[in-house]
Amino acid sequence: MTTPKALRMPPLTQTAEGRERRVGVEIEFSGLTIAETADLVRGVLFGEEGGELFHPGRYEIALRGDPAGDWAVELDFAFLKSMGRRERVDDDFGGAVEGFAEDLLRMIAERIVPVEVVSPPLPMSRLGECNALIERLRAAGARGTADDPTYAFGMQLNPEVPATDVDTLRQYLQAFLCLEDWLRERVAMDLTRRLTFFADPFPKGYVRTTVAPGYLPARAGLIDDYLHANPTRNRALDLLPLFAHLDPERVRARVKDERVKPRPTFHYRLPNSEIDRPDWDLGVPWDDWLVVERLAADPVRLERLCATYNAYLNDPLGRLTGDWKQECQQWLSENSLL
């Protein structure tokens with residue numbers, strides 16, 4: 001594999017323990033089978049002879065051999081994957097009925113459910129490899145959100161937190177809350193994702209509280225405030241996995257969703273996968289996320305933007321006549337954060 005072009009890095013590239021931060025990447029698309037996709041991933045990462053393909057079920061493939069961990073290629077349909085992990089027995093009536101139901105679900109799923117490539121937590125310096133993979137998938141016929149009105153494909157970034165102290169967590173959360181409207185404008189959400197309710201914005205009452213001057217809770221208070229207003233995965237920046245990693249009992253007391261998997265990352269959901277566009281790669285959404293990183297790492301500028309946004313939110317006339325997305329864009333440009 002040729003050496004991929006490196007992506008830009010955030011101000012904080014190491015964890016508090018001095019290890020390079022990692023990022024998990026998840027990309028959805030259509031146009032290829034999981035077998036075709038797994039072969040392409042294997043070729044990009046290892047060449048045709050390297051790596052090992054393992055089949056946990058009929059609708060998922062794991063690629064082993066990467067020191068960062070296993071890659072996964074799967075149909076993004078949990079129920080069908082659970083059926084695919086069971087042995088098929090078609091020689092009795094019950095087995096035949098279940099097999100027919102599985103085949104019917106598979107035919108429907110292959111039309112509207114994306115194939116998903118899920119990376120292991122990659123060191124940030126390896127993120128360029130994802131662009132080499134995107135290029136190969138696009139050349140092989142991968143199609144993104146805009147290819148069909150029924151597609152609701154997206155992608156997800158899971159950047160590891162640089163530290164778990166309350167100030168770091170609060171600053172990243174405040175940075176995202178200040179930038180959320182601007183970020184949503186940047187991704188130009190596809191109509192299909194709007195109709196399928198991609199992810200609700202953070203409630204403005206919660207935003208107003210969290211960006212207000214003097215908001216300095218202890219870590220337990222930060223988590224409690226989040227859980228009270230956002231006991232759901234349905235946020236573009238989903239902090240439930242991070243908080244479940246830090247305080248599992250506190251999160252499980254409020255959120256019963258078994259899909260919440262503890263991990264020390266920010267779970268950043270993006271509404272579109274534009275893998276079929278020649279000018280699109282991981283650098284597009286990653287560069288937007290880096291604005292959050294830069295703002296979170298600059299407490300002085302962050303405090304100023306929080307104060308500005310708090311004043312905007314508390315001014316009904318200003319909210320009616322103003323446009324925070326444009327104000328935010330101008331402020332970021334003037335403060336050299338783009």
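Helices here are DSSP runs of H or I with at least four residues, strands are runs of E with at least two, and both are numbered from the N terminus. With that in hand, let's walk through the model. It is a predicted model, where local features need pLDDT of at least 70 and side-chain atom pairs count only at pLDDT 80 or more, while totals for chains, interfaces and linings use all residues. Residues are numbered from 1 along each chain as its sequence is written, and side-chain values use heavy atoms, with hydrogens and water left out.

Ser-336 sits in the segment after α14 (324–334). Its phi is positive, about 55°, although Ser-336 is not a glycine. Ser-336 is also exposed, with a relative accessible area of 62%. In this text, "exposed" means over 50% relative accessible area, "buried" means under 20%, and "partly exposed" is in between (1.4 Å probe, protein chains only).

Now jump to the other end of the numbering used here. Arg-21 is found in the segment before β1 (22–29). Along the chain, Arg-21 and Ser-125 are 104 residues apart, yet 8.9 Å separates their C-alpha atoms. Leu-75 belongs to strand β4 (residues 71–75) and is buried, with a relative accessible area of 7%. Arg-269, in strand β9, counts as buried at 11% relative accessibility. From the C-alpha of Arg-269 to that of Leu-237 the separation is 6.3 Å, and these two are 32 residues apart along the chain. Then there is Asn-234, in the loop between α8 (219–229) and β8 (237–238). Asn-234 counts as partly exposed, at 24% relative accessibility. Asn-234 and Ala-199 are 35 residues apart in sequence, but 4.9 Å apart in space, C-alpha to C-alpha.

Next up are the charges. Side chains of opposite charge can pair when their charged atoms come close. The label "salt bridge" is used when a side-chain nitrogen of Lys or Arg is within 4 Å of a carboxyl oxygen of Asp or Glu. How many salt bridges does a search of the whole structure find? It finds 20.

One of them joins the side chains of Asp-276 and Arg-143, at 3.5 Å from N to O. Asp-276 lies in the loop between β9 (267–270) and α11 (283–296), and Arg-143 in the loop between α4 (128–140) and β7 (155–159), so this pair ties together parts that are 133 residues apart in sequence. Arg-143 counts as partly exposed, at 32% relative accessibility.

Another salt bridge links Arg-259 and Asp-257, at 2.8 Å from N to O. Here Arg-259 is exposed, with a relative accessible area of 55%, whereas Asp-257 is partly exposed, at 23%. Arg-301 and Asp-298 also meet through their side chains in a salt bridge, with an N to O distance of 2.7 Å. Arg-301 is partly exposed, with a relative accessible area of 28%, while Asp-298 counts as buried at 17%. Salt bridges can share partners too, and in this way Arg-19, Arg-22 and Glu-160 are joined into one network.

Glu-36, Asp-39, Glu-48 and Glu-49 form a negative surface patch. A patch is made of residues with over 30% relative accessible area and no salt bridge, with like charges joined within 9 Å and nonpolar side chains (Val, Leu, Ile, Met, Phe, Trp, Tyr) within 5 Å.

Finally, the cysteines. A disulfide is a covalent bond between the sulfur atoms of two cysteines. In this model, a pair of cysteine sulfur atoms has to be within 2.5 Å to count as a disulfide. How many disulfides does the structure hold? The number is 0. Cys-306 is in no disulfide, and its nearest cysteine sulfur, that of Cys-178, is 3.8 Å away. Cys-306 is buried, with a relative accessible area of 5%, and Cys-130 counts as buried at 3%.

Terms used:
Areas by Shrake-Rupley, 256 points an atom, 1.4 Å probe, with all protein chains shown as cover. Lys, Arg positive; Asp, Glu negative; His and termini not counted. Charge placed at Lys NZ, Arg CZ, Asp CG, Glu CD.
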